[in-house]
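This report describes one protein chain in plain terms. Look over the sequence and the fold before reading on.

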Amino acid sequence: MNGWRLSGDVPLRVRQTCPLTVNLPNQQSIFVAAAIVRWVRGQEYGVETLVVEKQTQSRLEHLIKRLVRNTWRASRERPAHQTIQREH
């Protein structure tokens, strides 16, 4: 993973570099030593990771794979959409 889509009230500019601390759903956080802002749309930002530790990158990839797998499983467990017809 080499990019992020963020939202927030801290004003950032295209080509600005900054560190990131990302809070994950499991109450942990990861640190990205350097990222660069690639686009800005209001309070949304696209940033590219420039410097991150290999261990942090591995943790993040593992988390994303797990989230995708869990989302896929949850979508397969939902009942199929049924059409109910009323009698007139």
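Glutamate 44 counts as partly exposed, at 27% relative accessibility. Partly exposed covers the range between buried, which is under 20% relative accessible area, and exposed, which is over 50% (1.4 Å probe, protein chains only). This is a predicted model, in which local features need pLDDT of at least 70 and side-chain atom pairs count only at pLDDT 80 or more, while totals for chains, interfaces and linings use all residues. Residues are numbered from 1 along each chain as its sequence is written, and side-chain values use heavy atoms, with hydrogens and water left out.

The whole structure holds two salt bridges. A salt bridge here is a side-chain nitrogen of Lys or Arg within 4 Å of a carboxyl oxygen of Asp or Glu. Side chains of opposite charge can pair when their charged atoms come close. The table lists both pairs.

| Salt bridge | Closest N and O atoms |
|---|---|
| Arginine 5 and glutamate 44 | 2.9 Å |
| Glutamate 48 and arginine 38 | 2.7 Å |

Arginine 5 forms its salt bridge with glutamate 44. Arginine 5 lies in strand β1 (residues 3-7) and glutamate 44 in strand β4 (residues 44-51), so this pair ties together parts that are 39 residues apart in sequence. Arginine 5 is exposed, with a relative accessible area of 61%.

Glutamate 48 forms a salt bridge with arginine 38. Glutamate 48 is in strand β4 and arginine 38 in strand β3 (residues 29-41), ten residues apart. Both ends are partly exposed: glutamate 48 at 27% relative accessibility and arginine 38 at 43%.

## Strands and turns

Helices (H or I, at least four residues) and strands (E, at least two) are DSSP runs, numbered from the N terminus.

Strands β2 and β3 pair in the antiparallel sense over six bridges. Two strands pair if DSSP finds at least two bridges between them. Leucine 20 stands opposite valine 32 in β3. The two strands form a hairpin with five residues between them, and glutamine 27 in the turn has a positive phi of about 70°.

Strands β3 and β4 are also antiparallel, paired over seven bridges. Their hairpin has two residues between the strands, with glycine 42 in the turn at a positive phi of about 65°. Arginine 41 has glutamate 44 in β4 as its bridge partner. The charged end of arginine 41 also sits over the ring of tryptophan 39, 4.1 Å from its centre. The rule for this asks for NZ of Lys or CZ of Arg within 6 Å of the ring centre and within 35 degrees of the ring normal.

Arginine 15 is found in the loop between β1 and β2 (17-23). Phi of arginine 15 is near 75°, a positive value in a residue other than glycine. Arginine 15 is exposed, at 66% relative accessibility.

## Helix and whole chain

Where is threonine 56? Threonine 56 is in helix α1 (residues 54-77). This residue is buried, with a relative accessible area of 10%. Threonine 56 touches Ile30 and Phe31, not counting residues up to four places away in sequence.

Of the 88 residues of the chain, 23% count as buried. Residues 24 or more positions apart account for 50% of the contacts (heavy atoms within 4.5 Å) in the chain with a separation of 6 or more.
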